[in-house]
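Student: I have a model open and some questions about it. Can we work through them one at a time?

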Amino acid sequence: MSDCVFCNIVSGQLPAQKVYEDDQLLAFPSIDPKAETHLLVIPKRHIENLNSLTAEDAGLMAHLLLTLPEIAAANGLPGFRTITNTGKEGGQEVFHMHFHILGGQTLPGFN
Ligand code: AMP
């Protein structure tokens, strides 16, 4: 077992209901949903958060952003909110970069 919960999901050592998978990405529901639908999209490779990215990750990040709406649509979400928390000051609790997809209901305004 790794110290990283999401690496353990990628390796299959922890269970998750996969809603999307390709060679670079995995998506699964949050264990503690904050909306009717609450999915997490992660790179399979361990990257701590946005602060850890380098220019070499540009292709991965483009792929991730382009895939987010496909995952949302495949899960019945015509509109959705995407959040990524960066660092403990940003509310990050799991230090393996992930993008939250929230939807399935009309979400309150953010401002
Ligand atoms: P953050 O606060 O942005 O780091 O969000 C961490 C997210 O990971 C939250 O939505 C948690 O509910 C979720 N989470 C933590 N452990 C698991 C797990 N084993 N399976 C699925 N989601 C998890």
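Student: How many aromatic pairs does a search of the whole structure find?
Tutor: This is a predicted model. A pair of aromatic rings is described by the distance of the centres and the angle of the planes. Searched as a whole, the structure gives one aromatic pair.

Student: What kind of pair do the rings of Phe6 and Phe28 make?
Tutor: The ring centres of Phe6 and Phe28 are 5.4 Å apart. Planes over 60 degrees apart count as edge-to-face. The planes of Phe6 and Phe28 stand at 75°, so the pair is edge-to-face.

Student: How many residues apart in sequence are the parts that this pair ties together?
Tutor: Phe6 is buried, and Phe28 is too. Phe6 sits in helix α1 (residues 5–11) and Phe28 in strand β2 (residues 25–29), so the pair ties together parts that lie apart in sequence by 22 residues.

Student: How many disulfides does the structure hold?
Tutor: A disulfide needs two cysteine sulfur atoms within 2.5 Å. The sulfur of Cys4 has its closest cysteine sulfur in Cys7, at 3.7 Å, which is too far for a bond. Cys7 is likewise in no disulfide. The number of disulfides is zero.

Student: Is Cys4 buried or exposed?
Tutor: Buried means under 20% relative accessible area. Cys4 has 12% relative accessibility, so Cys4 counts as buried.

Student: How much of the ligand's accessible area does the protein cover?
Tutor: A polar side-chain atom of Ser30 is 2.8 Å from a ligand oxygen atom. A polar backbone atom of Val94 lies 2.9 Å from an oxygen atom of the ligand. On its own the ligand has 510 Å² of accessible area, and the protein covers 84%.

Definitions and conventions:
Residues are numbered from 1 along each chain as its sequence is written. This is a predicted model: local features need pLDDT of at least 70, side-chain atom pairs count only at pLDDT 80 or more; totals for chains, interfaces and linings use all residues. Side-chain values use heavy atoms; hydrogens and water are left out. Rings of Phe, Tyr and Trp (its six-membered ring) pair if their centres lie within 6.5 Å; planes under 30 degrees apart count as stacked, over 60 as edge-to-face and the rest as tilted. Helices (H or I, at least four residues) and strands (E, at least two) are DSSP runs, numbered from the N terminus. Buried means under 20% relative accessible area, exposed over 50%, partly exposed in between (1.4 Å probe, protein chains only). A polar contact is a pair of N or O atoms within 3.5 Å; within protein, one must be able to donate a hydrogen and the other to accept it, and residues adjacent in sequence count only if both atoms are side-chain atoms. Accessible areas come from the Shrake-Rupley method with a 1.4 Å probe; for residues, only the protein chains shown count as cover.
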